[in-house]
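Please read it with the structure open.

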Amino acid sequence: MKILLIEDEVKLAQAIQKGLSRHEYVVHVVHNAAEAKIMALREEYAVIVSDIIMPGQSGVELLAELRREGCQTPVLLLTALGQIEDKELGFEAGADDYLTKPFEF
C-alpha cells in the first residue's frame, strides 16, 4: 500500500516514514503543499497523511484544493492543532480522519 506523507519537519517525517515502513507500507514523503499537490494528483495512493501547519499553504487549504480537483483519496490530518474548531475545519475541508500529535504507532 502506498502512502503520501506531507510533513515539513524533516526529522518527524523520517520517523513517521520509518514507523510506517516497518508495517510494509511504501511511503512517499514531501515537505510542502506544492509538491504534495503534484504527487497527490499524479500518483495513486491508498491514503494521504498530511500535517496542517506548513510554510506557504496549510494542509487544510491543500486538502480543500485537492477535493475541488476531484481527488478522492482518503486523507488523515496529523497535527498539533487539537481544538474542536481545528478539527471541524479539517473535516469541512474534506478530511476523513484527524489525529493529534504526539501519537503512538
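1. Helix α4 is followed by Gly94, which has a positive phi, near 120 degrees. Helices here (H or I, at least four residues) and strands (E, at least two) are DSSP runs, numbered from the N terminus. This is a predicted model, in which local features need pLDDT of at least 70 and side-chain atom pairs count only at pLDDT 80 or more, while totals for chains, interfaces and linings use all residues. Residues are numbered from 1 along each chain as its sequence is written, and side-chain values use heavy atoms, with hydrogens and water left out.

2. Which residues of helix α4 are buried? In this helix, residues 84-93, they are Asp86, Gly90 and Ala93; buried means under 20% relative accessible area, exposed over 50%, and partly exposed in between (1.4 Å probe, protein chains only). Viewed down the axis of α4, these buried residues fall within an arc of 65 degrees, so they line one face of the helix. The arc is that of the directions from the helix axis to the C-beta atoms. The face turned away from the buried side of α4 carries the exposed residues Ile84, Glu85 and Glu92. The cover over the buried residues of α4 includes α3, β4 and β5 (97-100), with contact meaning heavy atoms within 4.5 Å.

3. Helix α2 can be read in the same terms. Its buried residues are Ala33, Ala36, Met39 and Ala40. Seen down the axis of α2, they fall within an arc of 125 degrees, so they line one face of the helix. Ala34, Ile38 and Arg42 are exposed on the other side of α2. What covers the buried residues of α2 includes β1, β2 (26-30), β3 and α3.

4. Helix α3 is mostly covered, with 7 of its 10 residues buried. Just after α3, Gly70 has a positive phi of about 95 degrees.

5. The largest nonpolar core has 21 residues, and Leu4, Ile6, Ile48 and Leu77 touch the most other members. Such a core is a set of buried Ala, Val, Leu, Ile, Met, Phe, Trp, Tyr and Cys residues joined through side-chain atoms within 4.5 Å. β1 (2-6), α2 (33-42), α3 (59-68) and β4 each supply at least two residues of this core. Another core, of 9 residues, lies apart from it, and Leu5, Val27, Val49 and Leu78 are among its members. Not counting residues up to four places away in sequence, Ile6 touches Val30, Asn32, Ala36, Ile48, Val49, Ser50, Asp51, Met54 and Leu62.

6. Two buried positions deserve a look. Glu7, in the loop between β1 and α1, is buried at a relative accessible area of 1%. Neighbours within four places in sequence aside, Glu7 is in contact with Leu12, Ala13, Val30, His31, Asp51 and Lys101. Ser50 lies in strand β3 and is buried, with a relative accessible area of 2%. With the neighbours within four places in sequence left aside, Ser50 is in contact with Ile6, Gly59, Leu76, Leu77 and Leu78.

7. Gly82 is in the loop between β4 and α4 and is partly exposed, with a relative accessible area of 38%. Leaving aside neighbours within four places in sequence, Gly82 is in contact with Lys87 and Thr100. Glu24, in the loop between α1 and β2, has phi near 70 degrees, a positive value in a residue other than glycine. Glu24 counts as exposed, at 72% relative accessibility. The peptide bond from Lys101 to Pro102 is cis, with omega near -5 degrees, and Pro102 is found in the segment after β5.
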